[in-house]
Amino acid sequence: MNYLVVQDWKNTHGNHAGMVHMCKLLEQLHPNQYKVLIKDQPNLFVSEKSPWGQIKRIWNHFIAKPYYLKHTFPKECMNLCSSMFNTLKPGDKVFLLEYLSEATPQLQLANYIRENFPEIKICTLSHLTVDYFKNCQHSNREYFEEWSAPVDKMLTLGSSLSSYFEEQGISKDKISTGFHYVDAAYYHKNESMEIHHPLRIIAMGSLQRDYSMLADIVKGVPEAQFIICHGRTNVDNLFDGCNNVILKGYLSEDELKHQMDIADVSINIMIDTVGSNVITTSMAMGLAILASNVGSIGDYCKDTNSILCENTKNSFIRAIKILSRDSNRVLKMRESSIELSQRLHIENVHKWFSSL
């Protein structure tokens, strides 16, 4: 049996792109091989609203959060896995799918399994960026040595993170690189593959995104139409006076999928990336990709479906102008995105996990 220990998160709760849904799909498709254990969304902080907002912020930062991460979270993980401990047997594998994140410290759980079930294989997944670790206060060779010690296989969703792990002293034999999945049963085109005039470019996501540069790009290509899905991030003021922009706040997953379905191009200005939900779903929806040439983007996107840009305003503007003048190229890129997204189907994740 493969036990999948996964964290539910507010931003992906209930949708088809999060890790919880991936685990449920694996269990649904292969019920005799997978068992999912879902940890509820963290609820650790008291409200920071007035009149005691500043005091509560200090309490959260210095007392509530450290205590939760050191004591409460590990205890919750152990309680979640108690039923698994009663059924583990030789040949089973445990997948810890939030490993190495400061927000989800699973080291205590990994050490417990290694000590008490030495015959069980422990596989961990880190869907984090190299930039995250470089900006993490505790990230050093000793940190990675400690966290990798109880683990048999450390999984990543991109080659940039795998290379970084090697640089931190983790054995190459312990690292396995795969792809983020996409639920192709949900993320597929409903509208016909027509190219719009003006070109419709959609921007999505908030993590590791540069909205200030996006605003400069929008102003530099008035001949293109932009759909900017910024969620709960307040960026409206950056686009004052832009007549070629439609701003969308928080959208349901169905609404977001529709916006992708009526667009031509997905633009992604990123500081770093490994396996991005936005990239994978954009490809499955048949969008041409414009993206910063950072991290593991080259694992997912090729010359046939994307233009990978320098992280500068002018680089993106040049790319948009090229595509605005070449509908045939846009069409071929969109078709290539769908073809390349076949590598991301859930059965390929199953094959990956089964091979470990």
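This briefing describes selected strands, helices and residues of one protein model. The model is predicted: local features need pLDDT of at least 70, side-chain atom pairs count only at pLDDT 80 or more, and totals for chains, interfaces and linings use all residues. Residues are numbered from 1 along each chain as its sequence is written, and side-chain values use heavy atoms, with hydrogens and water left out. Helices (H or I, at least four residues) and strands (E, at least two) are DSSP runs, numbered from the N terminus.

- Six of the six residues of strand 1 (residues 2-7) are buried, so the strand is largely enclosed by the rest of the structure; buried means under 20% relative accessible area, exposed over 50% and partly exposed in between, with a 1.4 Å probe and protein chains only.
- Both faces of strand 1 are covered, with N2, L4 and V6 buried on one side and Y3, V5 and Q7 buried on the other.
- Strand 1 pairs with strand 2 in the parallel sense over six bridges, where pairing requires that DSSP finds at least two bridges between two strands.
- Within strand 2, K39 stands opposite Q7.
- The β-α-β crossover that leads from strand 1 through helix 1 to strand 2 is right-handed; this term applies if, with the strands pointing away from the viewer, the path from the first strand over the helix to the second runs clockwise.
- Strand 1 also runs parallel to strand 3 (residues 93-96), joined to it by four bridges, and F95 in strand 3 is the bridge partner of L4.

**The loop residue N32**

- N32 lies in the loop between helix 1 (19-29) and strand 2 (34-39).
- N32 counts as exposed because its relative accessibility is 68%.
- M1 and N32 are 31 residues apart in sequence, and their C-alpha atoms are 7.1 Å apart in space.

- Six strands form an open sheet with parallel pairing, in the order 9-8-7-10-11-12.
- Strand 9 (245-248) and strand 12 (306-309) are the edge strands, each pairing on one side only.
- Neighbouring strands of this sheet are turned by 20° against each other on average, direction ignored; axes are lines fitted to C-alpha atoms, for helices over the stretch in contact, and angles run from 0 to 180 degrees between N-to-C directions.
- Five bridges link strand 7 and strand 8 (residues 225-229) in the parallel sense, and I201 has F226 in strand 8 as its bridge partner.
- Helix 10 packs on the sheet, touching strand 7, strand 10 and strand 11, and its direction makes about 170° with that of strand 10; contact means heavy atoms within 4.5 Å.
- Helix 12 packs on the sheet as well, touching strand 7, strand 8, strand 10, strand 11 and strand 12, and its direction makes about 165° with that of strand 11.

**Helix 10**

- Helix 10 (residues 277-284) is mostly covered, as seven of its eight residues are buried.
- The elements that cover its buried residues include helix 9 (253-261), helix 11 (297-300) and helix 13 (327-340).
- At the start of helix 10, a side-chain oxygen of S276 reaches to within 3.2 Å of the backbone nitrogen of V278.
- Just after helix 10, G286 takes a positive phi of about 75°.

**S315 in helix 12**

- S315 is placed in helix 12 (residues 313-324) and counts as buried because its relative accessibility is 9%.
- Not counting residues up to four places away in sequence, S315 touches C309 and E310.
- A polar atom of the S315 side chain lies 3.0 Å from the backbone nitrogen of E310.

Definitions and conventions: Polar contact = N/O pair within 3.5 Å; in protein donor to acceptor, adjacent residues only side chain to side chain.
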